[in-house]
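Please read these notes with the model open beside them. They take up the pocket, the helices and the aromatic rings in turn.

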Amino acid sequence: MFLDFIIGFLLMNSLPHFVLGITKTRFLGMFGYKPAANVWYALVQFVLAMVLFHINHGIETILKNGIVLGAASTCLLFLIFGKAILKFYRGNGKNNL
């Protein structure tokens, strides 16, 4: 149960570090304050959470656990499409409202 807590903590903690990293917001992470450091920290946390999940439960069980599948999918989608989403909402410098 403790390992499951660590997995959940790593998985959910990776999301704010990634978002703040791609928005170039200074935020303290394990690798420092720089945005690139936070992106790398988020990636390391996500991979570590998935490795621990695989060790504890087997990666195939992620498809049977809706909460973990949803959390992992959300994090993975942010990791993959985060910069594109940010560019879309920032636009080309004009006010998009």
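**Notes on the predicted model**

1. The largest pocket is lined by Asp4, Ile7, Gly8, Leu11, Phe53, His57, Thr61, Asn65, Ile67, Val68 and Ala71. Helix H1 (2–22), helix H2 (35–57) and helix H3 (66–90) are the elements that each give two or more residues to this lining. H1 supplies the largest share, four residues. On a 1 Å grid over the protein atoms alone, a pocket is an open set of points where a 1.4 Å probe fits, with protein on both sides within 12 Å along at least five of seven lines; lining residues have an atom within 4 Å of a point.

2. This is a predicted model, in which local features need pLDDT of at least 70 and side-chain atom pairs count only at pLDDT 80 or more, while totals for chains, interfaces and linings use all residues. Residues are numbered from 1 along each chain as its sequence is written, and side-chain values use heavy atoms, leaving out hydrogens and water.

3. The space in the largest pocket is about 210 Å³, a volume being the space filled by probe spheres set on the points. Its lining has six nonpolar, four polar and one charged residues. Here Ala, Val, Leu, Ile, Met, Phe, Trp, Tyr, Cys and Pro count as nonpolar, Asp, Glu, Lys and Arg as charged, and the others, Gly among them, as polar.

4. The protein has three helices and zero strands, in the order α-α-α along the sequence. Helices (H or I, at least four residues) and strands (E, at least two) are DSSP runs, numbered from the N terminus. Taken along the principal axes, the C-alpha atoms fill a box of roughly 50 × 30 × 15 Å.

5. How do H1 and H2 pack? Their axes are 7 Å apart, at an angle of about 155 degrees. Axes are lines fitted to C-alpha atoms, for helices over the stretch in contact, and angles run from 0 to 180 degrees between N-to-C directions. H1 and H2 are therefore roughly antiparallel to each other (angles over 145 degrees). The residues of the contact of H1 with H2 are 17 nonpolar, eight polar and one charged.

6. The axes of H2 and H3 come within 11 Å and cross at roughly 150 degrees, so H2 and H3 are also roughly antiparallel to each other.

7. Two aromatic pairs are counted (rings of Phe, Tyr and Trp, its six-membered ring, with centres within 6.5 Å). Phe5 and Phe9 form a stacked pair, 6.4 Å centre to centre with 25 degrees between the planes; stacked means planes under 30 degrees apart. Because Phe5 and Phe9 are four residues apart in helix H1, about one helical turn separates them.

Methods
Parallel < 35°, antiparallel > 145°, perpendicular 65-115°, else oblique. Phe/Tyr/Trp six-rings, centres within 6.5 Å; stacked < 30°, edge-to-face > 60°.
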